[in-house]
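These are my notebook entries on one protein model. I set down what I looked up, entry by entry.

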Amino acid sequence: MLPTTSVNSRSPGNGALSPRDAARHTAGAKRYKYLRRLFHFRQMDFEFALWQMLYLFTSPQRVYRNFHYRKQTKDQWARDDPAFLVLLSIWLCVSTVGFGFVLDMGFFETIKLLLWVVFIDCVGVGLLIATLMWFISNKYLVKQQNRDYDVEWGYAFDVHLNAFYPLLVILHFIQLFFINYVIISDSVIGYFVGNTLWLIAIGYYIYVTFLGYSALPFLKNTAILLYPFALLIMLYLISLACGWNFTKMLCSFYKYRVK
């Protein structure tokens, strides 16, 4: 098991955190440091954030190995650098504008859609999911012998952001090239392509979320986080049998939002 506190943060006497170091490791102090860096772009490591985004597609396990390293060196699982959040926000804005263009929305309709997607779909839903997973993991998944440890809320939010990024790229970028010419048509190939992209995107979200919580050495039974795969595949097969087109429903929902 990896150490849960940094060796350098302990006092040499009894191995306990000194009062000064303990104050630096409170949730409030970490949150203040994170938010402060949010307004100092020169302090952000965008190159490393781009590396994480790349490997979330190709090898997400490597991303979570870095979280282990952060715990060993900085005594926290959650990111202390908001660069990933900034790049994700930029990507979300650009892809949403692309969605507005593909759906032939006007300028103000696109701005309204952008506000909905950023503050409701990403931030609002993200806060809700992170809080729910934070509660469930601390309530039911922490090992009995490790009750002194808990899942940081910031880490739960990071796991959501990690899982949300591939979903965003697949549904808000890759899918754009197929919407008007393939997906929203009434043909079988239309809803097959669209629903398959949804299957891959949500499957990525479930898998990356599972990796995030299974990376914590004080959690148990994290395999239950993979159980939604069964429901996902079942819903996918039912949608193909019934001719449901999830992307077409999403486009209609987006247009309804901006009316």
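**Entry 1: a term to settle before reading.** I count a residue as buried when its relative accessible area is under 20%, as exposed when this is over 50%, and as partly exposed in between. I also note that the model is a predicted one.

**Entry 2: the whole chain.** I looked up the secondary structure and found 11 helices and 0 strands. Read from the N terminus, the elements run α-α-α-α-α-α-α-α-α-α-α. The protein has 259 residues, and 46% of them count as buried. I then turned to contacts between residues at least 6 apart in sequence, and 75% of these join residues at least 24 apart.

**Entry 3: cysteines.** A disulfide is a covalent bond between the sulfur atoms of two cysteines. How many disulfides does the count come to? I recorded 0 disulfides. Cys122 takes part in none, and the nearest cysteine sulfur, which belongs to Cys93, is 9.3 Å away. A disulfide would need the two sulfur atoms within 2.5 Å. Is Cys122 buried or exposed? Its relative accessibility is 8%, so Cys122 counts as buried. Cys242, with a relative accessible area of 48%, is partly exposed.

**Entry 4: helix 6 against helix 7.** Two packed helices are described by the angle between their axes and the distance between the axes. I looked up both values for helix 6, residues 107-141, and helix 7, residues 153-172: the angle is about 135 degrees and the axes are 9 Å apart. Helix 6 is therefore oblique to helix 7. The crossing of helix 6 past helix 7 is right-handed. On the side of helix 6, the contact is made by Val117, Cys122, Gly126, Leu127, Ile129, Ala130, Thr131 and Trp134. Helix 7 contributes Trp153, Ala156, Phe157, His160, Phe164 and His172. Sorted by class, this contact has 10 nonpolar residues, 4 polar residues and no charged ones. I note that Cys122, from the previous entry, is among the residues of this contact.

**Entry 5: helix 4 against helix 9.** Helix 4 covers residues 60-74 and helix 9 covers residues 188-214; their axes come within 10 Å and cross at roughly 30 degrees. Angles under 35 degrees count as roughly parallel, so helix 4 is roughly parallel to helix 9. Helix 4 passes helix 9 in a right-handed crossing. Which residues meet here? Pro60, Gln61 and Tyr64 of helix 4 meet Tyr207, Val208, Leu211 and Gly212 of helix 9. By class I recorded 5 nonpolar, 2 polar and no charged residues.

**Entry 6: Leu219.** I located Leu219 in the loop between helix 9 and helix 10, the latter spanning 228-242. Leu219 has a relative accessible area of 7% and is therefore buried. Leaving out residues up to four places away in sequence, Leu219 touches Ser137, Leu141, Val142, Lys143, Val151 and Tyr213. Val142 is 77 residues from Leu219 along the chain, yet their C-alpha atoms are separated by 4.5 Å.

**Entry 7: two aspartates in loops.** Asp75 is not a glycine, but has a positive phi of about 60 degrees. The position of Asp75 is in the loop between helix 4 and helix 5 (83-102). Asp104 also has a positive phi, near 60 degrees, and lies in the loop between helix 5 and helix 6. Which of these is buried and which exposed? Asp75 is buried, at a relative accessible area of 5%, whereas Asp104 is exposed, at 69% relative accessibility.

Methods. Residues numbered from 1 in each chain as written. Predicted model: local features only at pLDDT ≥ 70, side-chain atom pairs only at ≥ 80, totals over all residues. Heavy atoms only, no water. Axes fitted to C-alpha atoms, helices over the stretch in contact; angles between N-to-C directions. Helix = DSSP H or I, 4+ residues; strand = E, 2+ residues; numbered from the N terminus. Parallel < 35°, antiparallel > 145°, perpendicular 65-115°, else oblique. Left-handed = near helix turned anticlockwise from the far one by under 90°. Contact = heavy atoms within 4.5 Å. Nonpolar A, V, L, I, M, F, W, Y, C, P; charged D, E, K, R; others polar. Buried < 20%, exposed > 50% of the residue type's maximum accessible area, 1.4 Å probe, protein only.
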